Amino acid sequence: MLLSAVVYGLSLVHTINALTFGFPYGSQKVRGVNLGGWLVLEPWITPSLFDNTGDSRIVDEYTFGQYQDRTKALAILKKHWDSWITEADFKAIAAAGLNHVRLPIGYWAFDVSGGEPFIQGQLPYLTKAITWAQKCGLKVIIDLHGVPGSQNGYDNSGQKKSYPQDSLWHTQQSNVDRSSAIIKRIASHYKDMTGAVPVIAPLNEPAGYFGDDVMRVVRQYWYDSYGNVRWPYGTSRQSNTVVMIHDAFQPSSYWNNFMSWPNWEGVIMDKHVYQVFSVAENQMTNAQHIQTACAKAVDLTSNTLWTVVGEGAPAPNDCARYLNARGVGSRYDGTYPGSIRVGSCDNLTGSGANFTTEYKTFLRQLWEAQVISYEKAQGWVQWTWKAENADEWSYQAGLKYGWIPQKPTDLKYSSICS
């Protein structure tokens, strides 16, 4: 087939032979988990790293390096990188019947310039992760989780910002160019390792809800990233790496026929599905949460691309401490600015040992409804494997306390969406 696209700033036409992917996408479901909070810090996943600084200005990885002695900060990060995710975690993930891990990493692991205070040292752990995954038979999705300027202003992009008061990634071409250079570097490094790294996700969660000035940049960046990933050998030979593009919080209808086969090959649409980031969602009943999860299948299956829920969780509320940013409260208990209290967060977050039997049963039902719905499309990658003190988000804790089955196909409520 033929591919016509503007990549590398040129109009290129290539004859494409059938690609051979490192996983049978389209015929086998993706079942995986994210390694959140490891190589990209998130205050709610590891609140102790932030609390122990004693400095309320430290709210993300940027300020973690900015407002601390760098030698001290590096030592803290090194200890964290060494311990948060280890080979034992990969073995446990494989034993749980999963087939993918999605590994978030920030641009600063590859490129720090212009006085940016980020601390480097993550890349050896990326290498370790891929080695461990290979030994365990797991596939790795490398996810560029944060880019220069921040693509959304979230703390998990590396730098918390407010738009339009602060400029974001899409407002400066130099930010986009630096991001593309990193994707080229990743694609070139792993081009012959698609059995281990079958997928590269060029950007996590660009904030498309800010308008078409963002979406114009995002659309072109997806085109350019396809070229950067598909043609790391130059124009004479293509790679078998799948390109995973995020929906930028747009409905499937927005992306209808975007980068679709046969003119494009090996593209997955990544959708992130949560039910906690609005007052209305926190006010939903248990039955409404389940109904919403079941209904999501309609949107997921209407896309012209393979669609995977690259982030999702059975957490039904925003009670987890710092989930909405360090120092920001929860909509559920009314401590978030402008929210309406639903109830107490007691025993709805924290340790699963304190969850009631009824709550754990509901988490199991919601988890199964999500799996059933998401597997109407191509599958799912839960956020996240572990968290210090928010077990409702943790796949590891779900296995321990029983709201996630030891094998993802062992469903108790298989007719819950019927």
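Me: How far apart do the end C-alpha atoms of residues 79-275 lie?
Reply: Keep in mind that this is a predicted model. The stretch in question is the one that an unreviewed UniProt entry annotates as "domain: Glycoside hydrolase family". The span is 32% helix and 15% strand, and its end C-alpha atoms are separated by 33 Å.

Me: Which residues lie closest to the centre of the largest pocket?
Reply: That pocket holds about 950 Å³ of space. Its lining counts 38 residues, and the ones closest to the centre are Tyr154, Glu205, Tyr209, Phe249 and Phe277.

Me: Which element gives the most to the lining of the largest pocket?
Reply: Two elements that each supply at least two residues here are helix 9 (286-300) and strand 8 (267-273). The top contributor, with 3 residues, is strand 8.

Me: Are helix 6 and helix 7 roughly parallel or roughly antiparallel?
Reply: Helix 6 covers residues 173-189 and helix 7 covers residues 212-230, and their axes are 9 Å apart. The two pack at an angle of about 25 degrees, and helix 6 passes helix 7 in a right-handed crossing. Angles under 35 degrees get one particular label, so helix 6 and helix 7 count as roughly parallel.

Me: What volume does the largest cavity have?
Reply: Searching the whole structure for cavities of 30 Å³ or more turns up 2. For the largest cavity, the volume is about 60 Å³.

Me: Which element gives the most to the lining of the largest cavity?
Reply: Residues lining this cavity include Val309, Trp367, Tyr374 and Trp380. Strand 9 (306-312), helix 10 (357-374) and strand 10 (379-382) each put in at least two residues. The most, 4 residues, comes from helix 10.

Me: How many nonpolar residues are in the lining of the largest cavity?
Reply: Gly312, Gln370 and Gln382 are among the residues there. By type, the lining has no charged residues and 3 polar ones, while the nonpolar count is 7.

Me: How many polar residues are in the lining of the second largest cavity?
Reply: This one is lined by Tyr25, Val30, His100, Ile141, Val199, Met244, Ile268 and Val308. The lining has 7 nonpolar residues and no charged ones, and the polar count is 1.

Methods:
Residues are numbered from 1 along each chain as its sequence is written. This is a predicted model: local features need pLDDT of at least 70, side-chain atom pairs count only at pLDDT 80 or more; totals for chains, interfaces and linings use all residues. Side-chain values use heavy atoms; hydrogens and water are left out. UniProt positions are given in the numbering used here, feature names are shortened, and annotations may be inferred rather than shown by experiment. On a 1 Å grid over the protein atoms alone, a cavity is a set of points where a 1.4 Å probe fits but cannot get out, and a pocket is an open set with protein on both sides within 12 Å along at least five of seven lines; lining residues have an atom within 4 Å of a point. Grid points are joined across faces, edges and corners, and a volume is the space filled by probe spheres set on the points. Axes are lines fitted to C-alpha atoms, for helices over the stretch in contact, and angles run from 0 to 180 degrees between N-to-C directions. Angles under 35 degrees count as roughly parallel, over 145 as roughly antiparallel, 65 to 115 as roughly perpendicular and the rest as oblique. A crossing is left-handed if the near helix is turned anticlockwise from the far one by less than a right angle, and right-handed if clockwise. Ala, Val, Leu, Ile, Met, Phe, Trp, Tyr, Cys and Pro count as nonpolar, Asp, Glu, Lys and Arg as charged, and the others, Gly among them, as polar.
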